[in-house]
Amino acid sequence: MTTAKNTGEDKIKISDDVIAVCAVNATLKTKGVAGLAGGLGNVLSKNLLGKELISKGIKVSQDSDGIQIDVHIIVKYQVNIPAVAWDIQENVKNEVQSMTGQHVKAVNIHVQGVEIPTEGNDKNDEK
């Protein structure tokens, strides 16, 4: 029977897209989030390819220190933005760390807008 030594070089690399999907799920489950805000890449993908990016509004950077995630969101009207941002940071960090087993060193929240309800949607928003 042979045994293999772990030299530290046998690390599993997890795709940025997989991490982004985990971050999207955690973000959209957070109360007060209206949606994710896509940037230029999402606009080009939607117009040229006819499909929306899965990781719209999420940017993932990995290095030897851990994972850094930038989340671009649109919040609902009349929510406490710092509290929503804090909840997103906690949810994304916990979700990504539990799914990948890797250290999340930062979750940066960028509020891109506020969804203001129209008169017809006021009753639908009260859930």
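1. Let's start with Ala 37, which sits in the loop linking strand 1 to helix 2 (40-49); helices (H or I, at least four residues) and strands (E, at least two) are DSSP runs, numbered from the N terminus. This is a predicted model, where local features need pLDDT of at least 70, side-chain atom pairs count only at pLDDT 80 or more, and totals for chains, interfaces and linings use all residues. Residues are numbered from 1 along each chain as its sequence is written, and side-chain values use heavy atoms, with hydrogens and water left out.

2. Ala 37 counts as buried because its relative accessibility is 14% (buried is under 20% relative accessible area, exposed over 50%, partly exposed in between; 1.4 Å probe, protein chains only). Beyond its neighbours within four places in sequence, Ala 37 is in contact (heavy atoms within 4.5 Å) with residues including His 72, Ile 73 and Gln 112.

3. His 72 also has a bridge partner in strand 4, His 110. Strand 3 (residues 66-76) and strand 4 (residues 104-115) run parallel, joined by ten bridges. The chain passes between them through helix 3 (residues 81-100), in a right-handed β-α-β crossover (clockwise from the first strand over the helix to the second, with the strands pointing away from the viewer).

4. Which residues of helix 3 are buried? They are Val 84, Ala 85, Ile 88, Val 92, Glu 95, Val 96 and Thr 100. Seen down the helix 3 axis, these fall within an arc of 110° (taken from the directions from the axis to the C-beta atoms), so they line one face. They pack against helix 1 (16-28), strand 1 (33-36), strand 3 and strand 4. The face turned away carries exposed Pro 82, Trp 86 and Ser 98.

Notes
Two strands pair if DSSP finds at least two bridges between them.
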